[in-house]
Amino acid sequence: VHPFYEMTKERIITIYAVLQDERGVLSELLNIFSKAGANILTVNQNIPAGGTASVSISARTDRLQLPVDGFIHALSALEGVERIVRISGTLPAGGRS
């Protein structure tokens with residue numbers, strides 16, 4: 001349990017992705033989170049069906065080193081990513097959007 005004032009410093013985003021069922025795609029996606037400064041909190045992946053797998057990832061973005069829109073674009077541009085949707089989240093400190 002964290003005090004309220006500590007929780008307000010944290011910014012959390014949840015991303016929903018549809019990935020091709022190919023070796024290394026999820027790993028590369030998670031690598032982008034790491035390189036951007038996001039701290040991954042949860043990863044939930046469904047069993048692949050029809051050549052794709054859906055995954056949801058929640059991460060802290062208080063240390064994100066680029067605007068959220070740029071971060072989403074970087075995720076979308078990865079080979080093997082068919083779809084990226086920001087399903088929830090607050091903006092990182094400093095008002096980057």
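**Overview of the predicted chain.** Of the 97 residues of the protein chain, 31% count as buried, where buried means under 20% relative accessible area, exposed over 50% and partly exposed in between, with a 1.4 Å probe and protein chains only. This is a predicted model, in which local features need pLDDT of at least 70 and side-chain atom pairs count only at pLDDT 80 or more, while totals for chains, interfaces and linings use all residues. Residues are numbered from 1 along each chain as its sequence is written, and side-chain values use heavy atoms, with hydrogens and water left out. The protein chain holds 3 helices and 4 strands, arranged along the sequence as α-β-α-β-β-α-β; helices (H or I, at least four residues) and strands (E, at least two) are DSSP runs numbered from the N terminus. Among contacts in the protein chain between residues at least 6 apart in sequence, 73% join residues at least 24 apart, contact meaning heavy atoms within 4.5 Å. The accessible surface of the protein chain comes to about 5900 Å², and carbon and sulfur atoms account for 50% of it, as computed by the Shrake-Rupley method with a 1.4 Å probe.

**Close-up of helix H2 and its buried residues.** Helix H2 (residues 25-36) has 12 residues and reaches 17 Å from its first C-alpha to its last, close to the 16 Å expected at 1.5 Å a residue, the expected span being 1.5 Å times one less than the number of residues. The buried residues of H2 are Val 25, Leu 26, Leu 29, Ile 32, Phe 33 and Ala 36. They lie on the same side of H2, because they cover an arc of only 115° around the axis, an arc taken from the directions from the helix axis to the C-beta atoms. Just after H2, Gly 37 takes a positive phi of about 95°.

Ser 54 lies in strand E3 (residues 52-60) and counts as buried because its relative accessibility is 15%. The side chains of Ser 54 and Asn 46 are joined by a polar contact of 2.6 Å, that is, a pair of N or O atoms within 3.5 Å; within protein, one must be able to donate a hydrogen and the other to accept it, and residues adjacent in sequence count only if both atoms are side-chain atoms. Leaving aside neighbours within four places in sequence, Ser 54 is in contact with Tyr 16, Ala 17, Val 18, Asn 44, Gln 45 and Asn 46.

Ala 77 is placed in the loop between helix H3 (68-76) and strand E4 (81-89), and Ala 77 is exposed, with a relative accessible area of 56%. The C-alpha atoms of Ala 77 and Leu 29 are separated by 10.0 Å, although these residues are 48 residues apart along the chain.
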